[in-house]
Amino acid sequence: MNKFWEGCLPAPAIRTINDMQPVLAVPGAYPNNNLYFMYRDLSKSDSDKKWLSAHLLRFDLTRIPPGTISGEFAKTKGHYHPEAPDGRGYPELYQVIHGSAHYLLQKEDLSDIVAIEAGEGDVVLIPPGYGHVTINPSSEELLMSNIVSDAFSSIYGHYEEKQGATYYEFEKEGWRANPSYGDINKIRVVKPKDLNCIGIPAKTSIYDLVGDDEKLAFLNKPSLLDDFDITP
Ligand SMILES: O=P(O)(O)OC[C@H]1O[C@](O)(CO)[C@@H](O)[C@@H]1O
């Protein structure tokens with residue numbers, strides 16, 4: 001972590017097993033261990049901090065240690081984003097810094113369910129309208145970054161009501177459909193899409209985009225993505 005981030009880090013927000021009970025494949029009486037750590041609203045300099053805040057953007061790091069709960073891989077709770085003023089859902093950019101991640105995305109109407117398998121350096125776009133969960137599917141710690149609008153609060157209700165996302169990922173059996181959703185589409189498993197079409201270079205730290213008004217404008221004005229094929 002300190003190799004990637006040399007400055008001091010604020011105290012992280014932490015999710016524990018108890019916080020995650022409403023979204024676990026197998027809820028139960030586990031010790032209330034810490035599951036993942038979110039270092040929010042980071043910047044490397046005062047001028048970056050000013051730029052991020054003036055552009056209503058946030059850069060975060062998240063650390064998800066490896067592990068399973070009754071065989072299910074460690075994961076984030078899962079949430080949707082609301083609509084921006086232009087009527088499209090707020091998107092988000094993620095990047096794997098260390099380890100690997102499966103980004104499990106589902107459209108609100110469940111017409112598309114997709115797992116994006118990302119490795120070190122990969123950049124992943126959460127397109128407007130997709131809820132998302134991040135899974136650590138390996139025996140290594142996952143460290144990832146994200147840049148997202150700071151103008152909204154995440155929406156957890158759907159995931160809490162349904163006991164998690166449409167699919168759970170287990171260490172031994174792989175993907176298992178969540179029965180609360182009834183008859184759902186098969187999960188598509190894909191690699192990260194090339195994002196050069198929207199000006200996001202592959203394998204370059206997304207932190208380097210801080211200060212670029214044009215390239216990150218879509219995070220607060222998602223309709224700028226309308227003309228691009230960004231389906232995962
Ligand atoms: O809010 P959840 O579902 O716990 O997910 C946490 C992730 O979402 C973020 O808040 C960004 O959307 C990150 O800080 C963190 O990686």
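Which residues are the closest to the ligand, and how many surround the ligand? In this predicted model, the ligand is surrounded by 13 residues, of which M38, D60, T62, T76 and K77 are the closest. Two elements, strand 3 (57-64) and strand 11 (142-149), each give two or more residues to this shell. By residue class, the shell around the ligand holds six polar, five charged and two nonpolar residues.

The core comprises 46 residues in total. Within this core, the residues with the most contacts are A101, Y103, L104, V124, M144 and I147. In soluble globular proteins, nonpolar side chains tend to be buried together. For Y103, with residues up to four places away in sequence left out, the contacts are Y94, I116, A118, V124, H132 and T134. One of these, V124, is itself among the core residues with the most contacts.

P22 lies in the loop that runs between helix 1 (17-20) and strand 2 (34-39). Apart from neighbours within four places in sequence, P22 contacts E160 and Q163. Between P22 and P128, the separation is 106 residues in sequence, and the C-alpha to C-alpha distance is 25 Å.

Technical notes:
Residues numbered from 1 in each chain as written. Predicted model: local features only at pLDDT ≥ 70, side-chain atom pairs only at ≥ 80, totals over all residues. Near = placed C-beta within 6 Å. Helix = DSSP H or I, 4+ residues; strand = E, 2+ residues; numbered from the N terminus. Nonpolar A, V, L, I, M, F, W, Y, C, P; charged D, E, K, R; others polar. Contact = placed C-beta atoms within 7 Å. Core = buried A, V, L, I, M, F, W, Y, C linked by C-beta atoms within 7 Å. Buried ≥ 20, exposed ≤ 12 C-beta atoms within 10 Å, placed from the backbone.
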